[in-house]
Amino acid sequence: MSVAGGGFGSARLRGWRPFRSGASPVAEDASADDGLVLLDEQTLARLRRLSLLTGRARTEGLAGEHRSRRRGTSPEFADFKRYSQGDDFRRIDWNTYARLDGLFVRLSEVTTELSVHILLDSSASMDWSGRPQRMTKFTAARRLTGALAYVALWGFDRVTITPFSTSLSYPFGPVQGRTQVVPALRYLQQLRPLGGTILAPAVAAYVHGKKRPGLLLLISDFLAGETDALRVVLHDLRARGWQTVVLHVVDDAEIAPDAATAWLRHDDEGMSRQSLELVDRESGAILRLAPDDDVVTRYVAAVNAWLDEIETACATEGATYARVPTSWDLDDLTLALLHERGVVA
Amino acid sequence: MSLLAPLGLAALIAVPLIIVLHMRHITPPRRPVPSLRFWEAANPRPAEERRLRRPPLTLPLVLQLMAAMLLAFALARPATAAQLAALAPGLHAEPRHLILLLDGSTSMSALAGSPPLSRWEAARQEALARLAPLREGDVATVIVMATRPQTYTATDDASLIDLRERLTMMPQPGGRADLDAALTLAGDLFLPNLERQIVVISDGAVTADAAVVGRAGAPIELVMAGGNGNGSQPANVAVTDIAARPDPDGNGTIGLYAAVTNFGPQAVTVPVTLLGDGLEIGHSDVTLDAAGGSSPLNWILPPGVADVTVRIDQSDALVADNSAMLLPGEAATETIAPRILLVSDLPGALARALMALDNVQVSIESSDNTSAVAAGGYDLIVFDRTAPPTEIVPKIETASLWVAPPVGGPFATSEGVSDPKVTRVRAGDPLLEGVDLSGVTFGPTPNFTLAAGDEEIVGSADGPLLYRSEVNGQPAVVLTTDPEASNLPKRVAFPVLVANIVGALAPDGIPAAVPLGEPLVYEPRAATASVQVTAPSGEVTSLPVSATSDQTAAPTSVSRQIIYTDTGSAGVYGVSEADESGFELGAARFVVNAGHPRESDLQVNANLGATLATSVSSGAVATRQNRVDLWPVLALIALGVIAAEWITALRPARRRRALQTSGASS
């Protein structure tokens, strides 16, 4: 695989300890979605006008595009302050001294880079769509990941894309610079969903391996594990100084009562059915049920309760939460939602 | 409506089977879901596991049930009234067996209509018209009624075409039509499980036995051929008989006898001309009564006339019987008449009786000439008051007649001579047919004794007077008394008795004339291995001579009969005999004349139609008459239902492909 072993140098990946060397979500046969275009030129043009909002995430390192609380020597003027001992007298504004007869030091703004960490759920549960003609949750998640990575790379942020399922897989990055846009998109294009999901341990393992916090974009359907475990993880991230954005990818057939009822009671050919067997994408478990109204009602109620729990947990732990249906258009609704939630600007 | 194959309803067992198959609780379709966590919470009670469920009222089930029931009824072959056939001409009728009884008798050569068309031709066209509507599966049998019924059967299209062609080319066989025999044959030929029908195509000049008609087992339709169904009786005068025999006066002349009969409804006077060797040698106007009035004609032919023809110089419906031909000189010149050797030292009454017989060749040898007996080549040897030496007797290899054999000859005698009187007569024996022995006295006669196997015909108190025996395995007749010593030669009974004995022992000669269509049946001579018959058209027919058992003769006798049946054409036929090496032993001719009292009578049998109308169908086929088989219609409908079921089954797949296509394009 060019992404794992060739494109970014084996030396960089050699010291990547938290990732297990086992099952990779990058399928060996990557030809199935080779023709998939994650982002078209129109979308990319719109994305180029956006930037990620850092929020409480600390900027660091080399100069970047993000404003920093630190003051430095950049040409960008920030403020004046009275000269005090120890200040660099080279930054005294002599014009102000002449006018006001006082020593003022000219403060300038420091722009730093942002570390953007994207954790992409690549479990089998993401490989599902409520309608054949609609994209799967994994594809929608890859498009969203690609869009966010593009915005970050275009803003010279440091980007790391890490798929996870039952464990962390080989990441893409960290990379920086606009030249990494194409490799990032190609990487996403070649990802394949596989296996189950252990969300909390994977996220915990990821953040523990990072020295400095950053912006963590967690993209998943969150079907694995309990909400409490997610709350614990978010709490840990907050404590470590991470800015967390939870992007919940859902299909209408999962959450909307009408869509769920239609999907449940009719097959792809529109034929009504009296009973059916549901097969868990991840575990393979089978559940036979008669899709009557009571079942649908109870299902929708359970899903809504679960959604509320996730949203509440995110709000409690200071994480930005956005529910992204797969039916939404990335150019319009999704970016509008992210803008509304303060993810991009 | 009735079912031609009720067992086909057994296919209805498919109906409950289809329902049971649809009632099976089949494994429900599987659908992948991202996770079962919410479904498990929403579905605490799993779906009930049952093997059968209530029959779902779905379109595929309804269509499949309809197709199964239609096919079952189609297999049962429902038949309905033929009136429906008019509404749906394409319906396939019940296969039937049509038997055409085509009258090929001589009377069918009568002309009728304008332009004149023979009844045979009209009947043949009618037969072809009856065969035309037959289809694959029908069976057609044509029985041509003539002297020898000819049967042709067609069971498929190819053979039906062949039958039509054969019928088109078939010449009229002639002879007499035996409708009873043809009906009996038709009843035996009927195939089972087919609609039966008999169509008699005739001029109506035939008779039918009501009992035979009743046993035919099928409805019989009578079709009058040749426009004779209007009841009018066509005029026809025919020469119905002709015969010749040497004039008893012995002056070489030949007496000719002919009979002319009027079968018309009115009395007529017709001119009759006698032709001898093509020249008119006699003429007579004969007045004949109506409806069978006959008049005999007698002429004395001049010596040397080879052939004579009696001709009616008046045209009528049946031209063929207006003349009759005879070959009176053939008897004198024929070479294949039975050869009789008379061994007699003093030919007398017996010799005269033999010489008076027609159609035989008599040779007389004295008893000294034993070589003639030993040489053989005769069909009958007559020993007149003599017997060959003992060493010659074993060489007798032909039938023999012994008249007053001497004591000590080949036949056993007891002592004593008596003047016998007839005390026992074997009534009904063919040798005594027409023989009146009353008043016959016999002279002194040795007392003969019967050997084992001998059969007494006439006997006295002292022994047999006339009996059958065998000599060297050949039949022999022994007349123990000397006719010269009795009054028997002076009585009519003697030549009749001699003729009967010769007829029984010697093979029959070729008759001088044979009615049209009647078979030529005669027994060739002893040395004959094959016989060739040349028809007037020149066609030569070779007939091998084979021994056949004659049931009416003595058990040990062997009859070698030649039967030639192709006598449908009037004219002179030639017959030649050849031995095993092919050497021609002799030749003769006979004449076939069309005139016959029965066939020349063209009057329609008024009772024929009523008699044939009494025919009834057998119970097995009565219900199939006038039925139309509906199975093709049902099968067609079933096919349409199956097609609809297929379309219903394929529709979701097409819809899925359409959805996939639209999804890919979006």
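## Chain B at a glance

Let's start with the fold of chain B: residues 24 or more positions apart account for 71% of its contacts with a separation of 6 or more. Two residues are in contact here if their C-beta atoms, placed from the backbone, lie within 7 Å. This is a predicted model, in which local features need pLDDT of at least 70 and side-chain atom pairs count only at pLDDT 80 or more, while totals for chains, interfaces and linings use all residues. Residues are numbered from 1 along each chain as its sequence is written, and chains are lettered from A and ligands numbered from 1 in the order in which they are written.

Chain B holds 15 helices and 35 strands. Helices (H or I, at least four residues) and strands (E, at least two) are DSSP runs, numbered from the N terminus. Of the 666 residues in chain B, 39% are buried. A residue is called buried if 20 or more other C-beta atoms lie within 10 Å of its own, exposed if 12 or fewer, and partly exposed in between, with C-beta atoms placed from the backbone.

## Chain A at a glance

Chain A has 345 residues, and 41% of them count as buried. You will find 12 helices and 10 strands in this chain. Among its contacts between residues at least 6 apart in sequence, 77% join residues at least 24 apart.

## The nonpolar cores

In soluble globular proteins, nonpolar side chains tend to be buried together. A nonpolar core is a set of buried Ala, Val, Leu, Ile, Met, Phe, Trp, Tyr and Cys residues joined through C-beta atoms within 7 Å. The largest one has 89 residues, and B:Leu101 and B:Leu102 have the most contacts inside it. Strand β7 of chain B, residues 139-145, gives the most to this core, with 6 residues. The core draws at least three residues from each of domain 2 (96-231 + 604-623) and domain 4 (513-593) of chain B; the domain bounds come from an automatic or database domain assignment.

What does B:Leu102 touch, not counting residues up to four places away in sequence? Its partners are B:Ala123, B:Ala127, B:Val142, B:Ile143, B:Val144, B:Met145 and B:Ile201. A second, separate core has 67 residues, and A:Tyr150, A:Phe164, A:Cys314 and A:Val324 are included in it.

## Helix α5 of chain A

Two packed helices are described by the angle between their axes and the distance between the axes. In chain A, helix α5 (residues 137-154) packs against helix α6 (residues 181-189) at an angle of about 165°, and their axes are 10 Å apart. The axes are lines fitted to C-alpha atoms, for helices over the stretch in contact, and angles run from 0 to 180 degrees between N-to-C directions. The two helices, α5(A) and α6(A), are therefore roughly antiparallel, the word used for angles over 145 degrees. On the α5(A) side, A:Arg142, A:Thr145, A:Gly146, A:Ala149, A:Tyr150 and A:Leu153 meet A:Val181, A:Ala184, A:Leu185 and A:Leu188 of α6(A).

Also in helix α5 of chain A is A:Leu144. A:Leu144 is buried, with 26 other C-beta atoms within 10 Å. Leaving aside neighbours within four places in sequence, A:Leu144 is in contact with A:Ile219, A:Leu247, A:Val324, A:Leu330 and A:Thr334. A:Leu144 and A:Val249 are 105 residues apart in sequence, yet 9.3 Å apart in space, C-alpha to C-alpha.

## A helix pair in chain B

## Some loop residues

Most residues other than glycine have a negative phi, and most peptide bonds are trans. A:Asp101 has a positive phi, near 60°, and its place is in the loop between α4 (94-100) and β2 (104-113) of chain A. With 7 C-beta neighbours inside 10 Å, A:Asp101 counts as exposed.

Phi is also positive for B:Arg385, near 55°. Is B:Arg385 buried or exposed? B:Arg385 counts as buried, with 20 C-beta neighbours inside 10 Å. Its loop runs between β20 (380-384) and β21 (399-403) of chain B.

Notes. Parallel < 35°, antiparallel > 145°, perpendicular 65-115°, else oblique.
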